[in-house]
Amino acid sequence: MDTTRFEPAADRNKKAPIADAVAVLALRIIFIIVAGGVGTIWAQSQDFDGFGSLTPFLVFSGVLIVAFGVVAIDMLFPRKRIEVISAIYFGLLIGLMLSYLLTVALTPFLLENRFKDYINLGILTVLCYICISLLLQTKDDFRFVVPYVEFSRDLKGMKPLILDTSSIIDGRLAELADTGILDSQLVMPRFVLLELQNIADSSDKLRRVRGRRGLDILNRLRASEKLDFMMYDRELPEFAGQPVDMKLVLLAKHLDGKLVTGDFNLNKVAKLHNVPVIDLNQIASSLRPQFLPGEGFQIRVVKPGEGQDQGIGYLDDGTMVVVEGGRDRLNQTIGVVVTSTLQTQAGRMIFTKYDGPN
């Protein structure tokens with residue numbers, strides 16, 4: 001499946017990953033330049049006189065090789081995001097502290113070493129680079145140990161909302177988001193997107209239609225200016241070997257967020273693990289109009305009911321209405337009076353009796 005259809009060209013959420021990648025690239029280039037400067041200073045030092053004419057070249061080349069090696073090792077780890085200013089500031093601060101502690105620890109072994117200053121400079125440069133790079137790549141998970149201060153992604157709401165496949169395909173979440181009632185950040189895990197894409201590529205026509213509808217709704221959520229939408233790319237170590245539902249539960253715990261779902265089974269599993277759940281079915285049920293016994297309204301009878309004289313109709317929100325005396329009035333809009341209501345896990349049922357043609 002071509003995933004480019006999922007990425008709208010004007011999507012503002014693309015800018016952050018690109019900016020982070022440019023920041024990391026700039027840091028690596030600056031590190032190489034600084035390493036080249038350090039190598040030049042070392043190569044011109046008189047401390048290397050007497051070691052041969054090729055010594056300055058070897059020193060300069062060795063410094064650059066070490067620098068490129070450090071960058072190569074850093075690139076082996078998955079890239080993650082953080083605010084650039086915070087990363088540089090705290091990276092330099094931590095790097096300076098670590099390099100100072102390390103040089104103090106090495107002082108007894110370097111007292112008679114004429115290259116002591118160069119070694120200390122090298123330690124300082126490498127540690128500062130590693131600390132800044134680490135913070136640049138751990139935006140979603142970095143917690144700085146200072147009371148009441150947390151350097152993680154800024155959230156509009158108290159807790160992020162983690163979406164599952166059913167909540168996307170359902171479509172009601174997009175309608176709810178359009179009202180502007182959602183202030184929390186919406187988090188779409190990458191493994192849920194992959195599941196949605198697999199559904200859209202299914203050989204079963206119904207599943208394929210549902211999957212493509214889900215991708216369209218996801219595009220709609222991502223493009224909304226009213227929402228703070230985020231793709232979560234990281235694979236946590238505890239995800240290994242777990243099904244998608246369990247990954248969602250573990251991710252909700254990891255982010256201290258809430259699951260948004262219309263899946264009854266996932267709802268129960270999450271509650272067993274003490275993970276808060278926002279059930280779309282429960283929201284829809286609570287927003288349905290309340291009818292009291294004796295209240296009247298009009299309904300169109302669309303099919304016969306199970307009872308001998310019953311007819312069945314539906315409100316605009318899908319609520320089933322059982323009409324006593326409505327079997328003989330199929331495909332007619334009639335007046336009814338509420339006799340009772342019944343709330344079930346599947347939704348609400350309203351029992352009425354026929355009250356005339358209007």
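Helices here are DSSP runs of H or I with at least four residues, strands are runs of E with at least two, and both are numbered from the N terminus.

**Overview. A predicted model with eleven helices and ten strands.** Of the protein's 358 residues, 42% are buried, where buried means under 20% relative accessible area, exposed over 50% and partly exposed in between (1.4 Å probe, protein chains only). Take the contacts (heavy atoms within 4.5 Å) with a separation of 6 or more: 65% of them come from residues 24 or more positions apart. The accessible surface is about 20,500 Å², with 61% of that belonging to carbon and sulfur atoms; areas come from the Shrake-Rupley method with a 1.4 Å probe, and for residues only the protein chains shown count as cover.

**View 1. Helix H7 and what covers it.** H7 spans residues 190–200, and its buried residues are Phe 191, Val 192, Leu 193, Leu 196, Gln 197, Ile 199 and Ala 200. Their cover includes strands E1 (161–163), E2 (186–189) and E3 (229–232). Helices H5 (165–170), H8 (205–223) and H9 (244–255) are also part of that cover.

View 2. In H10 (residues 264–272), Leu 266, Asn 267 and Ala 270 are the buried ones. An α-helix has 3.6 residues a turn, so residues three or four places apart point the same way. On the other side of H10, Asn 265 and Leu 272 are exposed. H9, strand E4 (258–261) and strand E5 (277–279) are among the elements covering the buried residues. After H10 comes Asn 274, with a positive phi near 60°.

**View 3. The hairpin of E7 and E8.** Strands E7 (residues 310–314) and E8 (residues 320–324) pair antiparallel over five bridges; pairing requires at least two DSSP bridges between the strands. Gln 310 stands opposite Glu 324 in E8. Five residues lie between the strands, and Gly 318 in this hairpin has a positive phi near 95°.

**View 4. Thr 352, buried in strand E10.** E10 covers residues 347–354, and Thr 352 counts as buried because its relative accessibility is 1%. Leaving aside residues up to four places away in sequence, Thr 352 touches Phe 297, Val 321, Val 322, Val 323, Glu 324, Val 336, Val 337, Val 338 and Thr 339.

**Notes.** Residues are numbered from 1 along each chain as its sequence is written, and side-chain values use heavy atoms, leaving out hydrogens and water. Because this is a predicted model, local features need pLDDT of at least 70 and side-chain atom pairs count only at pLDDT 80 or more, while totals for chains, interfaces and linings use all residues.
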